[in-house]
Amino acid sequence: MSKTKINVGTIWLDGCSGCHMSFLDMDERIVELSQYLNIIYSPYVDAKEIPANIDLFIVEGAISTDHDLEIIQKIRDNSKKILALGDCAITGNISAMKNLAGTEISLEKGYFELADLNKGKYPNKVVPKLLDKVIPLNEAISVDYFVPGCPTPADAIYAVLKGLIDGVEVDTSKYTRFGL
Ligand code: SF4
């Protein structure tokens, strides 16, 4: 990517927000990067709709619901490049632990056995429908970059973003690995 300012989106799907917290852990380096990055959609800003013509979309978290599927498809349609940030986005990781038990058992546990309020009722309004299986991003869409870690360390996020800005390939194994 060139050193002209690039439009960036970020989102978390089925993740814990830890990878977005790591982004903030870049601290003063965010000021440096902001010369080249225009964050136009993100939990960090107040955009309501996913804009068209995003240069780079950074996605944390796996895909767990029909709503996640709809959103990730729109992100793919509107973005030149997609970066899967963190192990949940890349492998499913903790978000995919539900797959071991299955959706029905997980719902029963949450809404029948362990619920304090509205015990015994499945939500059927507003809450998106869970998919039968939690999947990583690349099972739903094509992904351009994978940056592992749980959470992905701030140094890795900085190195990758700097590399993309400078047009230099970065060896992420120097900064992060799965499960770090
Ligand atoms: S990879 Fe780890 S830190 Fe990132 S969203 Fe998943 S659980 Fe949270």
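The second largest pocket of this predicted model is lined by Y145, F146, V147, V160, G163, L164, G167, V168, E169, V170 and T172. Two elements, β7 (145-147) and α7 (154-166), each give two or more residues to that lining. Helix α7 also supplies three residues to the lining of the largest cavity, the largest share from any element.

**Second largest pocket**
- The volume of the second largest pocket is about 180 Å³.
- Its lining comprises seven nonpolar residues, three polar residues and one charged residue.
- G167, one of the lining residues, follows α7 and has a positive phi, near 70°.

**Helix α7**
- With 13 residues, α7 reaches 18 Å from its first C-alpha to its last, close to the 18 Å expected at 1.5 Å a residue.
- Because 10 of its 13 residues are buried, α7 is largely enclosed by the rest of the structure.
- The buried residues are A154, A156, I157, Y158, A159, V160, L161, G163, L164 and I165.
- The partners against which these buried residues pack are the helices α1 and α2 (29-33), together with the strands β2 (37-41), β3 (54-60), β5 (79-85) and β7.

**Largest cavity**
- One cavity of 30 Å³ or more is found in a search of the whole structure.
- The largest cavity has a volume of about 40 Å³.
- Its lining consists of I58, L83, L85, V147, I157, V160 and L161.
- At least two lining residues come from each of β5 and α7.
- By class, the cavity lining holds seven nonpolar residues, with no polar and no charged residues.

**Largest pocket**
- The largest pocket has a volume of about 300 Å³.
- Of the 14 residues in its lining, L107, P123, P128, K129 and L130 lie nearest the centre.
- Both α6 (103-113) and β6 (130-135) supply at least two residues of this lining.
- Helix α6 provides the largest share, five residues.
- The lining divides into seven nonpolar, three polar and four charged residues.

**Ligand shell**
- Surrounding the ligand are G15, C16, G18, C19, E60, D87, C88, N93, I94, G149, C150 and P151.
- Two or more residues of this shell come from each of α1 (18-24) and α4 (87-91).
- Six residues of the shell are nonpolar, four are polar and two are charged.

**Residue S95**
- S95 is located in the loop between α4 and α5 (98-101).
- Its relative accessibility is 12%, so S95 counts as buried, the cut-off for that class being under 20%.
- When neighbours within four places in sequence are left aside, S95 is in contact with D14, G15, A62, C88 and V134.
- Among these contacts, G15 and C88 also belong to the shell around the ligand.

Technical notes:
Residues numbered from 1 in each chain as written. Predicted model: local features only at pLDDT ≥ 70, side-chain atom pairs only at ≥ 80, totals over all residues. Heavy atoms only, no water. 1 Å grid on protein atoms, 1.4 Å probe; cavity = no way out; pocket = protein on both sides within 12 Å on 5 of 7 lines; lining within 4 Å. Points joined across faces, edges and corners; volume = space filled by probe spheres on them. Helix = DSSP H or I, 4+ residues; strand = E, 2+ residues; numbered from the N terminus. Nonpolar A, V, L, I, M, F, W, Y, C, P; charged D, E, K, R; others polar. Near = heavy atom within 4 Å. Expected span 1.5 Å × (residues − 1). Buried < 20%, exposed > 50% of the residue type's maximum accessible area, 1.4 Å probe, protein only. Contact = heavy atoms within 4.5 Å.
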